[in-house]
Amino acid sequence: MNQARELIHCNGPASNGLTGHGVGVAILDTGIYPHIDFDDRITAFYDVLRKRASVYDDNGHGTHISAIIGGTGAGSEGRYCGVAPGCSLISVKVLDAKGNGFASDVLTGLHWIREQRERLGIRIVNISVGSYSRRNMSENSALVRGVDAAWDDGLVVVVAAGNKGPGRMTVTTPGISRKVITVGCSDDYKEVNVMGNRMVDYSGRGPTGACICKPEIIAPGAGIVSCSNDRKQYSIKSGTSMSTPIVAGALALLLEKYPDMNNRDVKLRLRERAVDLGLPRNQQGWGMLDVERLLADEI
C-alpha cells in the first residue's frame, strides 16, 4: 500500500513537476461523479446507455478509476491524488449500475472516442473492464478489433489484464490484443476484497490463445484509495482495474513531457524503463512501472 501511495502522490518526486496538462484521457467505465478532485477538468461526458447529458456514475467504479488518473486530492488536502492531476478527463459510460455491460456498448464508446479524439485532445484510452467468455477470447473478436482500431488511429490504449488469474491464458478481452498495453497487478500476492470476493494471486496471466506474452507492465492494485460518489469522500478498491489507471496517468505525464511521441514510442519507452522483478514473463510482462524512471531523460 505504501508503494501504491508513493506512485500516486500529487506532484511527488516521481512526476518531476509534470501534471499531464494538455493531455486528454478517455475512460470507458461506469461514468464519473463530479467530485471536488476533478474541478473543471471533466471536458466531456458521453453516456452510451441512457444518453444523459449531465455527468453521473451510478456505480462508483468509473469515478474511482478517473481519480487515480487525474484527481487533484483537493478533498483530502492532497493526501489522495491522481498520477496526472492536470490532465483532461473524458468519461464514456458503457457499464451499468452493477458494473456490467455489453461489448456493443464498449464498441460504441470506442467509436465515439475515435471520432472526438482531435476535438478533445484525447491521447490515452483507459479500459478497466474485460470479458472472459470463450467467444470473446479470440483476436478476431469484436472487442479486440475495436481496441486495435483505436490503436491504429494513434491512441495509446491501456487495458486491464483482469482478475481471473493465476492460471495461464487468464487475461481478459480486450487485454489479449497484441497492440494495446495490458496492465497486471504487481501486488496481487496481498489478499483483497473485490466485489465481495476475497482474492489473492488474481492478476490475469498470459500467454494469450495466439501465444502472445501478456501483460506488458504491472503496477500496484491492492487497496488503492481514490474518489467515491460523494463530493469529498474516498473509498478503497483493488484489482487490475486500479493498476491500469496508474499506468494511464503515468503515460499522461510522459506525453506532456514528450508530446510528439506516438503510441508505439510510448510502448517502447515502457518496455525500456520497466523494472524487472524477476517474476515469470507472463505474470510481470516487462516488469514494474517506475514513474521516475519512465520520465527521466536518461537512465
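Both faces of strand S1 are covered in this predicted model: Gly24, Ala26 and Leu28 are buried on one side, and Val25, Ile27 and Asp29 are buried on the other. In a regular strand the side chains alternate between the two faces of the sheet. S1 comprises residues 24–29, and six of its six residues are buried, so that the strand is mostly covered. The pairing of S1 involves two strands, S3 and S4. With strand S3, residues 88–93, S1 pairs in the parallel sense over six bridges; here Ser91 in S3 is the bridge partner of Ile27. With S4, S1 pairs in the parallel sense over five bridges, and Val125 in S4 is the bridge partner of Ala26.

These strands belong to an open sheet of seven strands with parallel pairing, in the order S2-S3-S1-S4-S5-S6-S9. Strand S2 (42–47) and strand S9 (217–219) stand at the edges of the sheet. Each of the two has a single partner strand, so one side of each is left without a neighbour in the sheet. On average, neighbouring strands of this sheet are turned by 25° against each other, direction ignored.

Strand S4, residues 122–127, is also joined to strand S5, residues 156–160, by four bridges, and the two run parallel. Across this pairing, Ile124 stands opposite Val156 in S5. Strand S4 also holds Arg123. The relative accessibility of Arg123 is 22%, and the residue therefore counts as partly exposed, since buried means under 20%. Although Arg123 and Asn263 are 140 residues apart along the chain, their C-alpha atoms are separated by 8.6 Å.

A further pairing is formed by S10 and S11. Strand S10 covers residues 224–227, and strand S11 covers residues 234–237. The two form a hairpin with six residues between them. They pair in the antiparallel sense over four bridges, and Ile236 in S11 is the bridge partner of Val225.

Taken as a whole, the protein chain has eight helices and eleven strands. Its C-alpha atoms fill a box of roughly 45 × 45 × 40 Å, taken along the principal axes. Of the 299 residues in the protein chain, 58% are buried.

The largest pocket has a volume of about 1100 Å³. Its lining consists of 39 residues, and those nearest the centre of the pocket are Gly99, Ser128, Val129, Gly130 and Met195. Two or more lining residues come from each of helix H3 (103–120), strand S7 (192–194), strand S8 (197–199), strand S11 (234–237) and helix H5 (240–257). By class, the lining of the largest pocket comprises 15 nonpolar, 19 polar and five charged residues.

Helix H5 gives the most to the lining of the largest pocket, with three residues. Of the 18 residues of H5, 16 are buried, so the helix is largely enclosed by the rest of the structure. The length of H5 can also be set against expectation. At 1.5 Å a residue, its 18 residues should span 26 Å, and the end C-alpha atoms are 26 Å apart, which agrees. An α-helix has 3.6 residues a turn, so residues three or four places apart point the same way.

Two cavities of 30 Å³ or more are counted. The second largest cavity holds about 40 Å³ of space. Ten residues line the second largest cavity, and Ala67, Tyr80, Cys81, Val225 and Ser226 lie nearest its centre. Strand S10 gives the most to this lining, with three residues. The lining of the second largest cavity divides into seven nonpolar, two polar and one charged residues.

Technical notes. Residues are numbered from 1 along each chain as its sequence is written. This is a predicted model: local features need pLDDT of at least 70, side-chain atom pairs count only at pLDDT 80 or more; totals for chains, interfaces and linings use all residues. Side-chain values use heavy atoms; hydrogens and water are left out. On a 1 Å grid over the protein atoms alone, a cavity is a set of points where a 1.4 Å probe fits but cannot get out, and a pocket is an open set with protein on both sides within 12 Å along at least five of seven lines; lining residues have an atom within 4 Å of a point. Grid points are joined across faces, edges and corners, and a volume is the space filled by probe spheres set on the points. Ala, Val, Leu, Ile, Met, Phe, Trp, Tyr, Cys and Pro count as nonpolar, Asp, Glu, Lys and Arg as charged, and the others, Gly among them, as polar. The expected span of a helix is 1.5 Å times one less than its number of residues. Buried means under 20% relative accessible area, exposed over 50%, partly exposed in between (1.4 Å probe, protein chains only). Two strands pair if DSSP finds at least two bridges between them. Axes are lines fitted to C-alpha atoms, for helices over the stretch in contact, and angles run from 0 to 180 degrees between N-to-C directions.
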